[in-house]
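Good morning. Please have the sequence and the model open.

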Amino acid sequence: MNQIAAHYTSNPGDKTVLKYDDVLKLDFGTHVNGYIVYSAFTWAPEQKYEELLAAVKDATYTGIKEAGIDVRLADIGEAIQEVMESYECSIDGKTYQVKCVRNLQGHRIEPYRIHAGKSVPIVKGPDNGDKMEEHEIYAIETFGTTGRGWVGEVGECSHYMLNPTDHPSRRAGSITKMPRAKKLEEHILKHFRTLPWCRRYLESSGESNYMIAMRNLVSANIVEEYPPLADVRGSYVAQYEHTILLRPSCKEIVSQGDDW
């Protein structure tokens, strides 16, 4: 909510209440046999946030428009930033230039891997030569903010994922010597593989009293933790995202529906 841009969902016992004046990002995905589709949108019923949401939505569709086979990823980032930062918004009597969140970006998707190497920047930056290629799948996501345009880790972690380069199907044996941690690792691999999950998902799949074992897996680099990422307190961040598939003759927005 609000200045928190990503990687937050309520942990068990969280008593946070959503208010009419909040800016809420809903970032979600689904998969079939590991083939992932992502989308995100922002809910903000107060009219004063309209221009902020419009800027981010326009920037996301700009990224989709610019995307294509043999397109340089750096060029997409430059186009997104130009559109995003052409907007201003007035909130409670103060005018802000909408800024891109410089250290968040879109990404290539592969089966069971939400971040598969290539990233889609949302600001102008150095060109490392990366291009989009035929049959690749990308999450085009943009974040706009009234804050400083940079996020850092804050608060209690809720998001986790098995390290995709170190999970049990790719190594001879588990690193951890703790029996409870090994059991938890097996449970995670069975239920989530290398897809991300939160603590409530873990509990709904049957686990309890797992935090000591979890810390063991994190310290052994078997599980990666992703704490919430936030801009400065008092700022507002909006997000929109679609998943695109680069077919030989066209690009398809595979996450698009009637309302977004």
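Let me begin with Phe 41, which is partly exposed because its relative accessibility is 31%. On the cut-offs: buried means under 20% relative accessible area, exposed means over 50%, and partly exposed is in between, with a 1.4 Å probe and protein chains only. This is a predicted model, where local features need pLDDT of at least 70 and side-chain atom pairs count only at pLDDT 80 or more, while totals for chains, interfaces and linings use all residues. Residues are numbered from 1 along each chain as its sequence is written, and side-chain values use heavy atoms, with hydrogens and water left out.

Now the rings. A search of the whole structure gives six aromatic pairs. Rings of Phe, Tyr and Trp (its six-membered ring) pair if their centres lie within 6.5 Å; planes under 30 degrees apart are stacked, over 60 edge-to-face, and the rest tilted. Phe 28 and Phe 41 are edge-to-face, because their planes stand at 80°, with the ring centres 6.4 Å apart. Phe 28 is in strand E2 (residues 24–32) and Phe 41 in strand E3 (residues 35–43), 13 residues apart. Helices (H or I, at least four residues) and strands (E, at least two) are DSSP runs, numbered from the N terminus. Phe 28 has a relative accessible area of 43%, so this residue is partly exposed too.

The next pair is Tyr 49 with Tyr 236, which is tilted: 5.0 Å from centre to centre and 55° between the planes. Tyr 49 sits in the loop between E3 and helix H1 (50–66), and Tyr 236 in the loop between strand E14 (229–230) and strand E15 (237–246), so the pair ties together parts 187 residues apart in sequence. Are these two buried or exposed? Tyr 49 is buried at 0%, and Tyr 236 is buried at 15%.

One aromatic cluster is formed by Tyr 61, Tyr 240 and Trp 260.

Three strands form an open sheet in the order E1-E14-E10, with antiparallel pairing. Two strands pair if DSSP finds at least two bridges between them. Strand E1 (4–6) and strand E10 (152–153) are the edges, as each pairs on one side only. E10 and E14 are joined by two bridges in the antiparallel sense, and Gly 152 stands opposite Ala 230 in E14.

That is all from me.
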